[in-house]
Amino acid sequence: MTTLNIFISGLISGIIIYQSFVVASTVFKSLELKYSSIFLRSIFPKFFTLISILGFICLALNIIYSASFYQFVVSGLTVVLATICYVIIPATNKATDDKDKNKFRLLHTVSVVLTLIILILHISIIGVY
């Protein structure tokens, strides 16, 4: 069970790092704003859905194999936080469309902070074992 937990935590961490630091930054540097917006609006729902699904799989495995309390917390928080990020995507997009910079900044910051929390939690799982 520990190996599978480490693998899923590594997978989640890798997905977050790749998406946030490689894909998103490359898109902004390589595409015009019109096209980068279309691409990012397509990929971020998939990104948060994938993280939620992996978190749910991890949570189910933790229940089946009676994992530590910390593993339950990490996997549960992963599902909840990634779902929150997914749910606020339409409001973030609307704020962008309405040119409401304050609302966009707030929602984007919430999404980034929650994603960083997920990343830190999963790196901590890897570090514990």
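User: A salt bridge puts a side-chain nitrogen of Lys or Arg within 4 Å of a carboxyl oxygen of Asp or Glu. How many salt bridges does that rule give?

Analyst: The count is 2. Keep in mind that this is a predicted model, where local features need pLDDT of at least 70 and side-chain atom pairs pLDDT 80 or more, while totals for chains, interfaces and linings use all residues. Numbering runs from 1 along each chain as its sequence is written, and side-chain values use heavy atoms, with hydrogens and water left out.

User: Which residue pairs with D97?

Analyst: R41 does. The closest N and O atoms of D97 and R41 are 2.6 Å apart.

User: Why does that pair tie together separate parts?

Analyst: D97 sits in helix 4 (residues 89-97) and R41 in helix 2, so the bridge links parts 56 residues apart in sequence. Helices here are DSSP runs of H or I with at least four residues, strands are E runs of at least two, and both are numbered from the N terminus.

User: Step back. How many helices and strands are there?

Analyst: There are 5 helices and 0 strands. Read from the N terminus, the order is α-α-α-α-α.

User: What box do the C-alpha atoms fill?

Analyst: Roughly 50 × 25 × 20 Å, taken along the principal axes. The chain has 129 residues, and 35% of them count as buried.

User: What share of the contacts joins residues at least 24 apart?

Analyst: 74%, among contacts between residues at least 6 apart in sequence. A contact means heavy atoms within 4.5 Å.

User: Now the inside. Which residues touch the most others in the largest nonpolar core?

Analyst: I8, I12, I16, F47, I51 and I118, out of 17 residues in that core. A nonpolar core is a set of buried Ala, Val, Leu, Ile, Met, Phe, Trp, Tyr and Cys residues joined through side-chain atoms within 4.5 Å.

User: Which elements give two or more residues to this core?

Analyst: Helix 1 (2-30), helix 2 (33-64), helix 3 (69-87) and helix 5 (101-128). Helix 2 gives the largest share, 6 residues.

User: Take I12. What is it in contact with, beyond its sequence neighbours?

Analyst: With neighbours within four places set aside, I12 contacts I51, L54, G55, T78, I118 and H122.

User: Where is T115, and what is it in contact with?

Analyst: T115 is in helix 5. It is buried, at 7% relative accessible area. Apart from neighbours within four places in sequence, T115 contacts I16, F47, F48 and C85.

User: C85, then. How many disulfides does the structure hold?

Analyst: It holds 0, counting pairs of cysteine sulfur atoms within 2.5 Å.

User: Which residues form a nonpolar patch on the surface?

Analyst: I17, Y18, F21 and V22 do, with about 400 Å² of accessible area together. Patches take residues with over 30% relative accessible area and no salt bridge, joining like charges within 9 Å and nonpolar side chains (Val, Leu, Ile, Met, Phe, Trp, Tyr) within 5 Å. The areas come from the Shrake-Rupley method with a 1.4 Å probe, and for residues only the protein chains shown count as cover.

User: Is F21 buried or exposed?

Analyst: F21 counts as exposed, at 53% relative accessibility. It belongs to helix 1.

User: Last one, backbone. What phi does S66 have?

Analyst: A positive one, about 50°, although S66 is not a glycine. S66 is in the loop between helix 2 and helix 3, and it is exposed at 60% relative accessible area. K99, also not a glycine, has a positive phi of about 55°. K99 is in the loop between helix 4 and helix 5, exposed at 69%.

Note on methods:
Buried means under 20% relative accessible area, exposed over 50%, partly exposed in between (1.4 Å probe, protein chains only).
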